[in-house]
Amino acid sequence: MNSAVLRPEVQAFLKENEHTAITTFLLKGSPFEDISIQELTQQLEGKRKAKHKLPLWYQTDGILFPPKIHLEQTSSEVTAAYKASLMRNKTLADLTGGLGIDTYYFSKKIAQVTHIEMDMPLSAFAKANFERLNATSIKCIVGNAIDYIKSSEIVFDTLYADPGRRSDAKGKVFMLKDCLPNIPEHLDMLLSKCKILWVKTAPILDITAGLKELRHVTEIHIVAVKNEVKELLWCIESKKTTEDIHITTVNIKNEKKESYGFSSTEMNLAVPTYSLPKHYLYEPNASLMKSGAFNWISAHFQLDKLHPHSHLYTHTNRIDFPGRSFEILEVLPFSSKIQKKLAIKTAHITTRNFPLSVAQLRKKLAIKEGGDTYLFFTTLMDGQKTILICKKSL
């Protein structure tokens, strides 16, 4: 970490080249004897990467950016702020501190926060930036988090872990036992050192598989940003007294947040209703879809499902719904002669419980992406393969 990049004239040079192509910037070479062009490029790429993902880091003078791989792997400010809103009590240790985005937001809610990171240069970047951001309640530890927690006499109120999902042997991994640290292997020890353990996992992790690897789960939060699931958060408490789990789905859209909560019992006992297409069509947002609460959606919003496996819903009336809403203009049976009947050249296509993919349908029907028409290819409750021609309901 070369702190010389923080000199005013260097920062001014980086600002002047904020929009310069990286290849062009590299060819210019460094105008500063004590700073290499590679070090300057690292700062330039970091600032660009932070602009939308980490706006506070981007806007704050004197922030030092690590190699871009660390910025790619870190939480966004939006998701870090959401996680921080869940934290309580007075002490917290972040076992996988990294660049410290989560840690910083935890420190805004928790009085004493410990940032543990085994990569010494990355820990140094985080510490320098905490000082720049005036986050004075964070203690930085360089070392193996499992060893540190195991040997520590402190019992923290909260432990938080975002296990690394890359393995030298297996490449990118998703099962918790293959991540570092191995939370399932050390679960009992970690729970003996805290009141609550929070674990962040990749959105691709199957919830049922996660529950098999983790014990004593009391809450699961499915966090989406602009309808893309970014992470799963698992709350684990050793004193859990019930098998019921509270599930929260949240979809963060700019200043608005769609959030719904229900228990695993409510989800499992929910009884759906079914119907052929009515006037409106409803598609749940990504966080609700990830939860698998398809029957609960039908019961809670009093919507009819089109088919047990289609996960599309219908109603006579327009309702406020966490997802996309459409007015159904026409319902057509799908057949080999459908291209002549359809006569649509441009549309958005979605498939749900349908034998052909979007790419296959575009090729077969010669329909380009775009326009104001939305086509849903799906299977109805009577088994009929169907096309729903829709427009967005505003």
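**A colleague's note on this predicted model**

1. Let's begin with the parts list. The protein contains 16 helices and 19 strands. Please keep in mind that this is a predicted model, and every value below is computed from it. The C-alpha atoms fill a box of roughly 70 × 60 × 40 Å along the principal axes.

2. As for charge, you will find 52 positive and 42 negative side chains, and the centres of the two sets lie 7 Å apart.

3. How does the chain meet itself? Take the contacts between residues at least 6 apart in sequence: 63% of these join residues at least 24 apart.

4. Now look for an open sheet of 9 strands. Its order is E3-E2-E1-E4-E7-E9-E8-E10-E11, and the pairing is mixed. Strand E3 (138-142) and strand E11 (256-263) are the edge strands, each pairing on one side only. From one strand to the next, the twist averages 15°.

5. Two neighbours in that order are worth a visit. Strand E1 (residues 91-94) pairs with strand E4 (residues 156-161) in the parallel sense, over 3 bridges. Here Ala 93 stands opposite Leu 159 of E4. Helix H10 (residues 183-192) lies across E4, strand E7 (194-201) and strand E9 (228-236), and runs at about 155° to E7.

6. Stay with strand E9 for a moment, and find Leu 233 in it. Is Leu 233 buried or exposed? Its relative accessibility is 2%, so it counts as buried. Leu 233 and Ala 161 are 72 residues apart along the chain, and their C-alpha atoms are separated by 9.8 Å.

7. A further open sheet has 8 strands in the order E12-E14-E15-E13-E16-E19-E18-E17, again with mixed pairing. Its edge strands, each pairing on one side only, are strand E12 (273-274) and strand E17 (348-352). Helix H16 (residues 358-365) packs on this sheet, where it touches E17 and strand E18 (374-379); the direction of H16 makes about 130° with that of E17.

8. Which way do the strands of this sheet run where they pair? Strand E13 (residues 280-284) and strand E15 (residues 313-315) run antiparallel and are joined by 3 bridges. Tyr 280 has His 315 in E15 as its bridge partner. E17 and E18, on the other hand, run parallel, with 5 bridges between them. In this pair Arg 352 stands opposite Thr 378 of E18.

9. Why is E18 described as largely enclosed by the rest of the structure? The reason is that 6 of its 6 residues are buried. Tyr 374, Phe 376 and Thr 378 point one way from E18, while Leu 375, Phe 377 and Thr 379 point the other way, and all are buried.

10. Finish with a helix. In helix H14 (residues 294-301), the buried residues are Phe 294, Trp 296, Ile 297, Ser 298 and Phe 301. To read such a list, remember that an α-helix has 3.6 residues a turn, so residues three or four places apart point the same way.

Methods. Residues are numbered from 1 along each chain as its sequence is written. This is a predicted model: local features need pLDDT of at least 70, side-chain atom pairs count only at pLDDT 80 or more; totals for chains, interfaces and linings use all residues. Side-chain values use heavy atoms; hydrogens and water are left out. Helices (H or I, at least four residues) and strands (E, at least two) are DSSP runs, numbered from the N terminus. Contact means heavy atoms within 4.5 Å. Lys and Arg count as positive and Asp and Glu as negative; His and the chain ends are not counted. The place of a charge is taken as NZ of Lys, CZ of Arg, CG of Asp or CD of Glu. Two strands pair if DSSP finds at least two bridges between them. Axes are lines fitted to C-alpha atoms, for helices over the stretch in contact, and angles run from 0 to 180 degrees between N-to-C directions. Buried means under 20% relative accessible area, exposed over 50%, partly exposed in between (1.4 Å probe, protein chains only).
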